[in-house]
Amino acid sequence: MTDNLEALSDTLQRAARAAGDILREGYHAAGTIEFDSKGASDFVSHYDRAAEQAIIDTIRLIHPEVGFLGEESGITAAGDSDLRVVIDPLDGTNNFLHKVPHFSVSIAVERGAELLMGVVYQPLLDEMLWAVHGRGAFLGDQRLRLPPARPLNEMLVGTCLPYHGKGDCQLSCRQLAQLMPQVSGIRSPGSAALEVAYVALGRFDAFWSQGAELEWWDIAAGIVIAREAGCKVTDLSGNSAPREWHSLLVAHPDRHGPLAECLTS
Ligand code: 2AM
Ligand code: CA
């Protein structure tokens with residue numbers, strides 16, 4: 001069954017919608033959302049956990065053999081399958097807890113070092129971004145095609161900045177100072193998965209991150225979507241093997257080189 005990538009992709013989208021229902025309910029609930037702290041600036045609510053469980057339950061029902069790597073539940077070994085589902089049930093937890101309407105559900109599937117598919121779902125806008133390796137990237141049923149590259153000084157660039165007590169603030173400040181005079185604007189809206197997918201949509205012209213030290217589940221799904229839309233996706237040294245990355249740069253192939261040079265000079 002899991003040889004059928006289209007069927008698995010449909011299941012991922014259904015799982016993302018199930019998680020999205022839970023997050024939407026939490027977002028619209030009256031009052032503040034209670035949370036626990038997992039570590040420095042690392043928060044989790046009932047909704048993160050419930051959304052991840054809903055994703056796992058939805059996928060297991062149809063594909064009981066696959067393994068999981070979830071932000072909240074960690075690693076679950078696979079049965080008779082070489083596929084692993086990588087889950088960030090709520091990317092942008094800080095935004096969610098502050099009731100800032102910018103967060104997403106991110107689900108990817110990998111086979112060894114190969115990323116096979118990704119889904120990034122924005123529940124408040126009901127926007128489903130998805131891609132299957134070699135078969136293109138989509139917003140709903142609309143195929144994504146990367147728009148022509150803008151000149152550097154017209155580019156809107158997304159990034160993730162380090163949270164309090166985590167990551168490398170000095171590095172992020174240095175990179176901001178290097179890039180800011182070159183581009184039109186820089187944004188750090190707070191959901192890495194969405195920001196990467198926004199480059200595929202042409203809403204952002206590029207995305208980079210290094211100082212924030214993102215996790216694999218933050219970016220895995222977005223990477224597939226951005227690649228399938230035609231973006232160049234590497235780390236800042238040009239390495240294209242994602243599991244070895246400690247940085248990320250997503251951009252139109254014609255702008256990737258100049259941006260990498262600017263950020264590392
Ligand atoms: P999260 O909401 O799942 O924690 C915010 O800048 C984006 O980066 C979110 O996607 C957030 O994921 C992710 N992130 C993960 N670790 C981070 C860190 N150390 N500093 C900043 N952002 C981080
Ligand atoms: Ca995340």
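In which helix is Gln 178 found?

1. Gln 178 belongs to helix 4, residues 169-179. Helices (H or I, at least four residues) and strands (E, at least two) are DSSP runs, numbered from the N terminus. This is a predicted model, in which local features need pLDDT of at least 70 and side-chain atom pairs count only at pLDDT 80 or more, while totals for chains, interfaces and linings use all residues. Residues are numbered from 1 along each chain as its sequence is written, chains are lettered from A and ligands numbered from 1 in the order in which they are written, and side-chain values use heavy atoms, with hydrogens and water left out.

2. A polar atom in the side chain of Gln 178 lies 2.9 Å from the backbone oxygen of Cys 262. With neighbours within four places in sequence set aside, Gln 178 is in contact (heavy atoms within 4.5 Å) with Cys 262, Leu 263, Thr 264 and Ser 265.

3. Ligand 1 is surrounded by 17 residues (a heavy atom within 4 Å), and the closest are Asp 91, Gly 92, Thr 93, Ala 192 and Ala 212. Strand 5, residues 83-91, gives the most to this shell, with three residues. By class, the shell has eight nonpolar, four polar and five charged residues. Here Ala, Val, Leu, Ile, Met, Phe, Trp, Tyr, Cys and Pro count as nonpolar, Asp, Glu, Lys and Arg as charged, and the others, Gly among them, as polar.

4. An N or O atom in the Asp 91 side chain is 2.5 Å from an oxygen atom of ligand 1. A polar backbone atom of Ala 192 is 2.8 Å from an oxygen atom of the ligand, and for a backbone N or O atom of Leu 90 the distance to a ligand oxygen is 3.5 Å.

5. Helix 5 (residues 192-201) packs against helix 6 (residues 216-229) at an angle of about 0°, with the axes 8 Å apart. Helix 5 is therefore roughly parallel to helix 6, a label for angles under 35 degrees. On the helix 5 side, the contact involves Ala 192, Ala 193, Val 196 and Ala 200; the partners in helix 6 include Gly 222 and Ala 226.

Terms used. Axes are lines fitted to C-alpha atoms, for helices over the stretch in contact, and angles run from 0 to 180 degrees between N-to-C directions. Angles under 35 degrees count as roughly parallel, over 145 as roughly antiparallel, 65 to 115 as roughly perpendicular and the rest as oblique. A polar contact is a pair of N or O atoms within 3.5 Å; within protein, one must be able to donate a hydrogen and the other to accept it, and residues adjacent in sequence count only if both atoms are side-chain atoms.
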